[in-house]
Amino acid sequence: MSLRRSIEGLGPYPSLLLLALPIATVEPLKLAAVVGHWITGTAMIAACYAFSLLIVERLFVIVKPKLLSISWFARLWEGFVFARARLWQVLKHWIGLRPDRGSSAPSPRPKHTQPFSDRRSPRR
C-alpha cells in the first residue's frame, strides 16, 4: 500500500517515465524472443505479455490521473477513447447487435407468425 501511495505522489512526467520503463524493457524482450529458439521464444513472449497485462495495466490505472494532467497525453487519450468507442459501435452494428438495448446478445431473428407447416400452399 505504501508503494501505491508513493507512486500516486509522483508528478505527471515522473509517472510517465515510470510507466515507460517496464514497456521499454518488455518490448525488446519480445523482439529477442522472435530471434531465439521457437519454444523458449514462445515462452518468453507469453511471459512478456503476462507481465504487460498484469503489471503495466495496474501501473497505468494508478498513474492515469497524473498522465491526464499533461495536455498532449490527454488529447491522445481522448482520441484513443473516441476511436475505441467508434470501432465498438461499428463492430456491434456489423455483428447485428441492437444499439438501443445496449445488450451484448445478438438481435433475435424475425419469427414467422405461422409455423412452417401452415405456410405451405394447400395441395389440390
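Helix α3 spans only 37 Å between its end C-alpha atoms, whereas a straight helix of 30 residues would span 44 Å at 1.5 Å a residue. The expected span used here is 1.5 Å times one less than the number of residues in the helix, and helices themselves are DSSP runs of H or I with at least four residues, numbered from the N terminus (strands are runs of E with at least two). Along α3 there is a kink of about 40° at V61, shortly before the proline P65. The bend at a residue is the angle between axes fitted to the seven residues ending there and the seven starting there.

The structure is predicted, so local features need pLDDT of at least 70 and side-chain atom pairs count only at pLDDT 80 or more, while totals for chains, interfaces and linings use all residues. Residues are numbered from 1 along each chain as its sequence is written, and side-chain values use heavy atoms, with hydrogens and water left out.

Taken as a whole, the protein has 5 helices and 0 strands, in the order α-α-α-α-α from the N terminus on. Of its 124 residues, 15% count as buried, where buried means under 20% relative accessible area, exposed means over 50%, and partly exposed lies in between (1.4 Å probe, protein chains only). Among contacts with a separation of 6 or more, 49% join residues 24 or more positions apart; a contact means heavy atoms within 4.5 Å.

The buried residues show how the helices meet. In α3 they are G41, C48, V56, L59, F60, I62, V63 and L67, and they pack against α1, α2 and α4. In α2, the buried residues are S15, L19, P22, V26, K30 and A33, which pack against α1 (2-8) and α3 (38-67). S15 of helix α2 counts as buried because its relative accessibility is 0%. Leaving aside neighbours within four places in sequence, S15 is in contact with I7, L10, V63, K66 and L67. L18, also in helix α2, is partly exposed, with a relative accessible area of 27%. L18 and I7 are 11 residues apart in sequence and 8.7 Å apart in space, C-alpha to C-alpha.

Side chains of opposite charge can pair when their charged atoms come close. The count here comes to 1 salt bridge, defined as a side-chain nitrogen of Lys or Arg within 4 Å of a carboxyl oxygen of Asp or Glu. E8 forms a salt bridge with R4, and the closest N and O atoms are 3.1 Å apart. Both residues lie in helix α1, 4 residues apart, about one turn of the helix. E8 is partly exposed at 35% relative accessibility, and R4 is partly exposed at 37%.

On the surface, L87, W88, L91, W94 and I95 form a nonpolar patch with about 620 Å² of accessible area together. L91 sits in helix α4 (residues 71-94) and is partly exposed, at 34% relative accessible area.

Notes. Patches are made of residues with over 30% relative accessible area and no salt bridge: like charges are joined within 9 Å, nonpolar side chains (Val, Leu, Ile, Met, Phe, Trp, Tyr) within 5 Å. Accessible areas come from the Shrake-Rupley method with a 1.4 Å probe; for residues, only the protein chains shown count as cover.
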